[in-house]
There are 2 protein chains.
Amino acid sequence: MLTLPSEILIEDEGLRDGLQNEKRAFSIDEKLHFIHGLEACGVRRIQVGSFVHPKWVPQMADTDALFARLTAVPGVVHTALVLNLRGVERAMAAGVRHLSMSISASETHSLRNTNRTLEESKRHIIPMIETALANGIEVRAGIQSALGCGFGGEVPVERVCEIAATYSTLGAQEINIADTAGLGNPQSVFESVSRVREVIGSHTAISLHLHDTRGLGLANMLAGLQAGVRIFDAALGGLGGCPFIPAAAGNIATEDAAFALEQMGVKTGIDWQGLCGLALEMESLLGRTLPSRMAHVLQKAA
Amino acid sequence: MLTLPSEILIEDEGLRDGLQNEKRAFSIDEKLHFIHGLEACGVRRIQVGSFVHPKWVPQMADTDALFARLTAVPGVVHTALVLNLRGVERAMAAGVRHLSMSISASETHSLRNTNRTLEESKRHIIPMIETALANGIEVRAGIQSALGCGFGGEVPVERVCEIAATYSTLGAQEINIADTAGLGNPQSVFESVSRVREVIGSHTAISLHLHDTRGLGLANMLAGLQAGVRIFDAALGGLGGCPFIPAAAGNIATEDAAFALEQMGVKTGIDWQGLCGLALEMESLLGRTLPSRMAHVLQKAA
């Protein structure tokens, strides 16, 4: 048999990585409806939004107000993305206990996305991590474009390791290796995770963020599992993409990932069939077909 | 690194498993056009059709005439599917040197598809294999529904092993484990291949036929590679399905499989970009979008 873990954690990012790419604005009540739906289906970590200037991502303008209306659920982490110190401060004021923050391992991607060089990005994120940790917030520090750059920038695995080492030294609880443009393959996923693990030791968790641009999302997840990853990002319905990266497709669908994992005997705690219904609801709100496979397999079988 | 082979063989089945599911009839000239396209892109084994009664599969009625017009290409095997002794005889008359034949491991599937029990199917295929081998034809003997039955029939791995043992004893050169309805997962693929390998020893080749119903086709291929499989079926554009199995999707797309393999450093000899163009040609003939990922990634990037 393939050596796989008995249990893993999925972070659903549909409401952030997904909705930030959609033209349709979702009200707080609509977002709460999906958050409650995800909770009811057993999703234990939910990235509900980002603290970012509303001018840049208007879909995320209400994240402070959204957190004010969230009810704590035992065993469920509500998390958010922050892009700068101002975001960390807003998250603290909103009572957030877990945050994601990240920089790109591709100089080209970094310049295009944030107008900062890699060195400037590092100088920018260090005080964010320090401030969050000093205030008792759990930090998940991410490396975007870790498996290839959608703009053609080079991404040597050594650079990914170097960023991971910085994060680990600062005390981040989790390092997120992100295939932002969906350019990774099972071998490169396995190699990156293994190399990062060597550099950071066993203390810090590693998670994977996998876009499905080339249809390799679930194969990459399998390679990640074999490399020892126990936390995976996914998005309801396979929502997502990247407004700055041409042809980047959505994340692996949470229901597809959970289904595949359960089939292989890996526990997720997730009711994937319930999520399929929620994904179809999202489809009808957006008025287009989402990439989810299992939602449509169930739909056809019904 | 993941342990992967340095080289594998892909058999393209688009013109048989694919076209038999299409309403549109393809002329011999059209089929030849795609065969020559596949050859030009480096595909080294092509299943060009089946010898089956035209009443059942009219799209395959011209397979004898098609073989008469094929030109031998060094290093390329033109193969076909046969369903009965009459088919073997027709194939022999047409000068075919390599044949696929198979039975289902699911009693339910077998009864629905051929009106034969599993025992009757075995008695039916044995003389087909014997006749082909006695006439110097290479035989690839397949096990349909080996990873699950679309009709809900049970498929214990022991039964798959038992059929494989029969094939191996008869002297078939290759055993094809077919996920006809696309119900397998990486763990079940790995287990089936490993168990069959234990039973048949190292002499006989094992190949995998993977439908992508649940989006796990490429992940299943990865598991197969790790279990030692060196021959994979695929279909141009992701053509295919099964008229007898509800909601079964097409095969993994040859261009997607070849791309993924090349990315992982596994040689296929295939120009996947060339195949993407051929897949788009097939799309426009069929007038619908095919499942191929890389054909559309390239199309968007163009």
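This is a predicted model: local features need pLDDT of at least 70, side-chain atom pairs count only at pLDDT 80 or more; totals for chains, interfaces and linings use all residues.
Let me begin where the chains meet: 28 residues of chain A are in contact with 28 residues of chain B. If you look at the side of chain A that touches chain B, you will find that α8 (186-200), α9 (217-226), α10 (254-263) and α12 (294-301) of chain A each supply at least two of its residues. The one that gives the most is α9(A), with five residues. Sorted by class, this side of chain A is made up of 16 nonpolar, seven polar and five charged residues.

Which residues of α2(B) are buried? They are Lys31(B), Phe34(B), Ile35(B) and Leu38(B), and, seen down the axis of α2(B), the buried residues fall within an arc of 100°, so they line one face of the helix. The elements that cover them include β1 (9-12), α1 (14-18), β2 (45-51), α3 (63-69) and α11 (272-286) of chain B. After α2(B) comes Gly42(B), which has a positive phi, near 90°.

From there I turn to the interior. The largest nonpolar core has 180 residues, and those with the most contacts inside it are Val160(A), Ile177(A), Ala257(A), Val160(B), Ile177(B) and Ala257(B). Taking Val160(B) as an example, and leaving aside its neighbours within four places in sequence, we find this residue in contact with Ala105(B), Ile143(B), Ala146(B), Val155(B), Ile177(B), Ser192(B) and Val196(B).

Finally, the strands of chain A. Is strand β5 (residues 138-144) of chain A mostly covered or mostly open? It is mostly covered, with six of its seven residues buried. Strand β4 (residues 98-104) of chain A pairs with β5(A) in the parallel sense over seven bridges, and β5(A) also runs parallel to strand β6 (residues 174-179) of chain A, to which four bridges join it.

Key: Residues are numbered from 1 along each chain as its sequence is written. Chains are lettered from A and ligands numbered from 1 in the order in which they are written. Two residues are in contact if their C-beta atoms, placed from the backbone, lie within 7 Å. Ala, Val, Leu, Ile, Met, Phe, Trp, Tyr, Cys and Pro count as nonpolar, Asp, Glu, Lys and Arg as charged, and the others, Gly among them, as polar. A residue is buried if 20 or more other C-beta atoms lie within 10 Å of its own, exposed if 12 or fewer, and partly exposed in between; C-beta atoms are placed from the backbone. The arc is that of the directions from the helix axis to the C-beta atoms. A nonpolar core is a set of buried Ala, Val, Leu, Ile, Met, Phe, Trp, Tyr and Cys residues joined through C-beta atoms within 7 Å. Two strands pair if DSSP finds at least two bridges between them.
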